[in-house]
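User: I am new to reading structures. Could you walk me through a few features, one at a time?

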Amino acid sequence: MIDNRQAWLEQLLAPEIEGGWSDHPDDNGGVTNRGVTLPTLSRWLGRKATEDDLRKVTRKDAEDIALGLYWSVMSCDFLPGGVDVYAADWAYNSGPTIAAKKLQELVATKVDGFVAEKTIAACRAVDSGALLLRYHNSRMEFLEGLDDWSEFGRGWAKRCRMMLDLSQKLVKPNPTLTEMAS
C-alpha cells in the first residue's frame, strides 16, 4: 500500500536497523552506509561506486534506493497492508528474488521471483495477518539456515521482530474476505 511506504522507511533507516556506517569484516554484504552496499550503490548509479561515493549517501539517497530497488520491485504499492512492509524489508535485507519466491510459495502461485498480478491477487485473496505470520516464519527459517547465522542471527532476529511488529499494526481486514463472510 502506498500509505505504508513512509512507515517502512522510518523503521528501515532507524539506528537499530540500517541507520549508519558499517564495515564488519564478516559481513557478506561488505561495507554499508544506511544499509546501502557498494554493489547496490553501483547498480543505482549505473557505474562502479567507490567507498567515497558510499560515504556520501544521504538519508534521501537511501530512501530513494530503498523505494526504487526494493519497494517498487516487490510491487509493495499493491500488496496488502503489513505484507507490503515485510516484503520490502525482506527484499532489502536478502534480495528481492528470495523475498518474492518465498511469498509466492506461501500463496501457491508460480514461483518465478517476480511479484506481479497473479501474486498480488493471491496475496489479496487470503487473510493478510495469517499470511504475514507465515511469511515471517519463512524468513526466520531462511535466515537461520545461513552460514553466518551464528554471527549475525541475533541482530537479524531483532530486525525481523521489529518489522513484524510494525507490519502487524498495518494489517487491515481484507475486503474480499470480509465480503465473502457477509
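**Strands, cysteines and a loop**

Analyst: Start with one pair of residues in this predicted model. N33 stands opposite V36 in β3.

User: Which strand is joined to β3, and by how many bridges?

Analyst: Strands count as paired when at least two bridges link them. Here β2, residues 32–33, is joined to β3 by two bridges. The two strands run antiparallel.

User: What is the order of the strands in the sheet?

Analyst: The order is β1-β2-β3. These three strands make an open sheet with antiparallel pairing. β1 (21–22) and β3 (36–37) are the edges. Each has a single partner strand, so one side of each lacks a neighbour in the sheet.

User: Now the cysteines. How many disulfides does the structure hold?

Analyst: First the idea: a disulfide is a covalent bond between the sulfur atoms of two cysteines. The structure holds zero disulfides. For C76, the nearest cysteine sulfur belongs to C123 and is 9.9 Å away. The cut-off for a disulfide is 2.5 Å, and C76 is in none. C123 is in no disulfide either.

User: Is C76 buried or exposed?

Analyst: Buried means under 20% relative accessible area. C76 has 0% relative accessibility, so C76 counts as buried. C123 is buried too, with a relative accessible area of 0%.

User: Where is S75 placed?

Analyst: S75 lies in the loop between α4 (59–71) and α5 (83–94). With a relative accessible area of 13%, S75 is buried.

User: Which residues is S75 in contact with, leaving aside its neighbours within four places in sequence?

Analyst: Those residues are V115 and I120.

Methods: Residues are numbered from 1 along each chain as its sequence is written. This is a predicted model: local features need pLDDT of at least 70, side-chain atom pairs count only at pLDDT 80 or more; totals for chains, interfaces and linings use all residues. Side-chain values use heavy atoms; hydrogens and water are left out. Buried means under 20% relative accessible area, exposed over 50%, partly exposed in between (1.4 Å probe, protein chains only). Helices (H or I, at least four residues) and strands (E, at least two) are DSSP runs, numbered from the N terminus. Contact means heavy atoms within 4.5 Å.
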